[in-house]
Amino acid sequence: MKNLKNIISIGILSILIMMGCQDKEWDKHYEESIHLEASSLVEYLKNNDEYSEFYELLKVTKLDSIVQNSTNVTLFVVKNDNIPDEIHNENVDDLKKRLKLHMLHGKYYAYRIEENERLKTLNGKYLEVHVADNSTISDVSFLPKDLSVGNGVIQELESILAPVPNVYEYLYSLGDEYSIVQEYLKGLDKRTFDKENSKPIGVNEQGNTVYDSIWVIKNKLLEGVNDVREEDNLYTAFYPTNNVVTEAITKVREDYAASGGDLSPELDAELFEWTVTSLYTKGIVENPMDMIVRTTNNDDFWISPGKQEIINDSYFKASNGIVYTVTHLHVPKIKYMNKFVFDPKLYWMFDQETRDQYMYLEEGERVYFMQRGGGYEPAWGYGWYGIWGAENRDVDDKDSYFKVKFPYSTIVTEDDELKVVSLIPGEYEVYGQSGITRFGIWNRPSWVQLYINDVPMEEKWQQWSWVSNVSPIYLGTIVIPEEAGTNPISISVEVLDRSPNWSGSGGARARNRAFIKIMEFIPTKTNY
Amino acid sequence: MNSKINFLFILIVLIFIADLEAQNVRAIKILDAEKQLPVANAIIKTDSGLEVKSNKDGFVELDVNDVATIYIRKEGFKNLEIKTFNGIKPTYFLFSEDVNQMKDKFGAVWSSVKETDIDHSDLSFDINSRGKIAGVLIQQHSGMPGEGTEITIRGNNSLSLSNKPLLVVDGQIYQNDGYESPVFEGFYNNPYNLVNTHDIESVTFLKGSAAAMYGSLGSNGAILISTKRANELKTRIKVSSWQGISDIDHKIPLLNNEQWINKSLEVLQTDLTINEIYSAYPSLFNNPDNVGFHQYKYNTNWQDEIFRLAISQNYSAQVSGGDEVAKYYLGIGYNNNDGIVSNTNFTRYSTRFNTDVNISKDFKVKVNLGVNYNDGQLIDSGINNNNPIYAALFKSPILQPKKVNFEGEELPDYDPYHIFNVSNPLAILNDNESKYVGYSLLGNFDLSYQINDNFWVNGSIGHTSWKDEQHSFISGVTSNAIVPTYIYNNYANNQVKHFVAKNSSLHAEAKLGYNKSFHHANLNVVFGTRYLSNKYETIYSYGMNTSSDKFITLNQTNPNDFRDISSDFYERRLFSNYLTFDYMIKNKYNLSATINYEQNNGHASSISGGYLYGNLGASYDVGAEPWFSSNAFLDILRFRMDYGRSGNSRLHAGLTDKLYQPKNFSNVTGLVRKNIYNSNIDNEITSTFTFGVDLISDRETIALTIDAWRSTTKNLIVYNQTDNFIGFDGVYLNDAEMSATGIDLALNTKFNISKFNFAFGGNISNRMNKVTELGDNDMLVTSFNGGQKIIREGSSGYHFYGLKTEGVFIDADEATASNLINDSGYRYQAGDMKFTDITEDGIINDEDFVEIGDPTPDFFGGFYGRISYGNLSLNAQFSYVSGGDVYNFTRTLLEGQTSTVNQNRSVLRAWTNYGDVTDVPRVSYGDPALNNAFSDRWIEDGSYISLTDITLAYELPIKSNTLKRSKVFLKGRNIWTSTSYLGYSPEFNYNGNSLLQGVDYSKMPVPRSVIIGVEIEL
């Protein structure tokens, strides 16, 4: 029996020995790792006295435990000699923000960092890298160390980094002379309940769920461009001083008054909003002179003398972009002008005195305000109205030609109200319906040329006969110069080719008669 | 060739040379073979009528003049018969009744080996035969219960056809080459579990040309199973039961939550900025303020979630008995195996009824019937979003199985797959339906009539049929926990698959036998004719996108999305006539031959010309020479040789027939041609020459058998990939030739030291292959998922074919100096893999592929040790494979570092900075450098030694008239494996296909188990 025991125990022992050998290859493959200088970032700092002050700062701000517990962190350390003494006087929160600038998620080795790369720090802000001759990180010399330790990589900087404000923070660091914009933006902040992230913590007496509420500040304007308060994207900011804002608004009001209209309080408020919300655009715009940029309020912001003027070569480089100061703001007309309509139909809506004032024949034989099909009085619903030139039955006679002038026009406001205003200077797209009525040879096209202030329009009409009720077509763009003030606009119509004699019964001759049905002047998008 | 024939001729001449006879009065001693004690009172009879008993010292003296045969009998021992023409030895040994003698174990002329120690504590005989038989490699397909093993006898003779041996149950051919399931990826059905191990009397493995009488079906050897029959009239009852637990041997060391976050950040940073990562993968930033943070703060080892301690149980009962006229055997069994992956299992209900009826003294009838019913719950294998093992390896550890609320309380639903795009393994296991049901029936009817002393006739007819049904529903629409599969331009948010395979076959055989004993010789001649038909049908249907995961049937799938129906059908008929001849002279010269003329319809559905197969063998037992008898030590010293020719006719329909398959185009299904068939394709013909030596000592303390063999396969079918413009992948041609040599060696020893009985032994086999001819091709490259293999003229078969590596570029200087780019123009950088530029053209591409591994083992086998003391015995069985290379496909994904899937711990030493010396390259999203290309980095040594079985058994010392025997045992299976393989288990076999041999696609690992059982015989 003793033998048996021996044999069994020898057997078991040898099996155990074999089992012990088995895992060698396995462990070698799965458990072996690369040799490291230190087990962790903190351990490395502890063991290296030349960084003791940096480590001390980490301890003061309690960031050492964060560094210890994080993995895959790159830490930019600074030697004791390069840490200025005054830094110890900084308050802990500021110091914490500053030190977090020295920490990155991920392992960054020198070979991996690329020119102009932006490295996001645990602070949330980015560091900017230049690796040309003298490597810098956010303008501080970078001394690559490339030291792998257990939970990350150690790199070195020549001096300690300081946080730079972002474009939003920078606005509030500016003085009171920017108070209009500052306050306006703050006023748009809205504290909202974030249901998705709030924990339900119970049910109240009414059976409604009660949340451990999380509130978030939402700002409609800023979220329109991705929030400029964050650091992940780059922005260009245009900040106007209070004076610039006030000036721009005053100019609009004056213009408006000159055109004969009165600015509604709502529109006035809108125009104010425009001046204070054309603040940001996405991306970095360098040297933006003579550029059109799309800004926060989703409008084109034309940076050019006489339009929006900025100080081009004096800017602030913020942590998430660039800030320019606006010295002159110009509100585009399209912001407060809808369209000017020259509509002969409306002739009948005013009394005779006003009619004469609004529209008169400057040249030509005669002009009729008439209804298609005859009749000079309006008969609503029968057809349309136009200004008609004199009828010309003699082919050798001068063509039907006339020129009308109107010093004012109507604006159809948003609530379909008619208003009589002047066509104020600016750039307009002209749309219209005009043409020629003919009698005689029907199947031959003829052409009508339109002139505005004696300038021929690009587009000519080709007309077979009576125009049907088609919508106005684009005729061209005109600029009414500032010098023109609110002087009357002239519109002329000329028939370019005539119908030959009609050889039909009665020997009647062709009748060529030009007309204008409607004209519209729409401020162009870039109308400044 | 000539030399072989000459050698045979000389041997035949020798056999007929008359041999010396010398006889006189002799004293012999009779000993107990095991205990080596004298056997007193043994009855010694001679054919001259003399009867004496041995004395207390086991001695007996008798006059052997005119005596031809001496019979020795003693209760408790096997009878012994001595032919005096073999000489008379001074000592004879008697073996006790319940010992399986070595003599019976090894075949006389050709190589066959009989396994009589059938272990009952498994579902099927194959699993427990691993490592036990020389020349037979048995590898488990996987640890999936019910999936079974791949058996090859003396390696693969074919590169394209089945290499499975023929299975014959009680003389009836069972045609089942298995099939690869279209429903459960990688699942291979197991033809070997159709007989309950409790019902098996013995299993014989026929090697080389030993299976010649089965013609072309026996070209890969054969496995003959004999089921139990009643061998006495007394009613015998045996009941047994065992219970077992299994678990996974070891899990792959994966990254934990923190390590995974770091690694994923590193990978993503090679493609995105931190800011983009932050918005796309907020969960990677350990910030409690992030939306959904409560879902991402876990540290789950998903392997722990899916693997479990599995329980298996088995109950079986056998009754046998009868009277002089009829005897019966009835066995029933229930076997339930849970898989080590949760929710997988396999259950078998089996019955067997065998009867033997003696209608008259000369007329006997046997009826055998076995019926099985199996059902199971399976899983997908492979790189597949529905493979729970794949999902468990790759799923992020920061997630957890169930959805959670803000308080961290578990909700009932499974957590969705999230942005990381890996299915929830528990949803795969619990929300999906994956059923398997199988039926099989195996019955035959056998009549034999003894016409006179010399002639007999036998007729038998048998039928087998089996049917498998598989149904799978992969959920996902409702739970969002399983990643949709992209298939045919559609996302399958859920999928329904259904598969039915049916097989029915008929085996009819008639035999006329003649046996005659001459003065010193025995002649056995059998003429037989055999008819076999086999009909195989499958239907597979697929649909996707039912409206909810509650609807799981095909008719609920969306008709506007992709649907697929395909089927397979073939009918094979085989007709053969054979003659076997066996002539034995004086128990020492043996000459045997088999001729088999066979016709089959394998080719283009018409009966084609016949094939002549057969073998010729001779043996000479020096141990039976009278002049050798004085040497008491050797009982058998036999030299044998054999030459045979056989063919592999298991051509699948795709080779020989036009096939059509349904194809979906613009939501209309039509039939298109599937293949280029080759109507001229011919059977592969294998010739084998074997030379063997058997040496067995008279007490059987030592038994050695060696076979050295050489085979040549002509007409070898190889797959030739065709040019793209042809529109089909390739065509099979009888283009190649292969030759192989091998050695099978088995050694068994037994001895006692005091009351301890020891037995040790083992076997070793190898096969050295050489492709001698490859048609018009110098080489053939065939790709598979993840890599490719090559065959060249002169090589040993399919070899892995890929890039060679020389480590990882340490720094930029080294990378620049190499001046290497890849195919897409990428310039290799520091931290990338350094591939060998074989062509030296500065470009790493497929022209630089070389042979990087050989999946065929150099040698394999097993060894055992047994100690018994009284009623107690301890038995250990090892199996080993040496030198087979393995492509660890799973590791390519676990070490790729190209996405956010979880990785193994070796990636912690990945290259990160200049100067890092490591074997794991840098991280890179999407792998532009192709660092993970198929290369020797993924080829591992698949060698292993495994303690496949260790059993401690105790025979209870209680015996009575009613209780014949009772035994309890404790067994450990696969409890120890030594390997350098880095996957779960070095033992796997994807689907038996030569091309995929040695490719590891995350199948369920082979578990280790502990089993406790009891057997009682009444």
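Q: Buried means under 20% relative accessible area, exposed over 50% and partly exposed in between, using a 1.4 Å probe and protein chains only. Which of these does B:Glu232 count as?

A: Partly exposed, because B:Glu232 has 29% relative accessibility. This is a predicted model, where local features need pLDDT of at least 70 and side-chain atom pairs count only at pLDDT 80 or more, while totals for chains, interfaces and linings use all residues. Residues are numbered from 1 along each chain as its sequence is written, chains are lettered from A and ligands numbered from 1 in the order in which they are written, and side-chain values use heavy atoms, with hydrogens and water left out.

Q: OK, which side chain does B:Glu232 meet in a salt bridge?

A: B:Arg236, at 3.1 Å from N to O. A salt bridge here is a side-chain nitrogen of Lys or Arg within 4 Å of a carboxyl oxygen of Asp or Glu. B:Arg236 counts as buried because its relative accessibility is 15%.

Q: How many salt bridges are there over all chains?

A: The structure holds 48. One of them pairs B:Glu150 with B:Lys164, with the closest N and O atoms 2.8 Å apart. B:Glu150 sits in strand S10 of chain B and B:Lys164 in the loop between S10 and strand S11, so the pair ties together parts 14 residues apart in sequence. Strands are DSSP runs of E of at least two residues, helices are runs of H or I of at least four, and both are numbered from the N terminus.

Q: And B:Glu150 and B:Lys164, buried or exposed?

A: Both are buried.

Q: Switching topic: how many residues does each chain put into the contact?

A: Chain B gives 45 residues and chain A gives 37, with contact meaning heavy atoms within 4.5 Å. The area buried between chain B and chain A is about 3700 Å², and carbon and sulfur atoms give 59% of that. Buried area is the accessible area (1.4 Å probe) that two parts lose on being put together, summed over both.

Q: Which residues of chain B lose the most area to chain A?

A: B:Phe406, B:Arg909 and B:Trp976, together 17% of what that side buries.

Q: How many salt bridges cross that interface?

A: The rule finds 2. A:Glu31 forms a salt bridge with B:Arg905, the closest N and O atoms being 3.1 Å apart.

Q: Which helix or strand gives the largest share of the side of chain B that touches chain A?

A: H4(B), with 5 residues.
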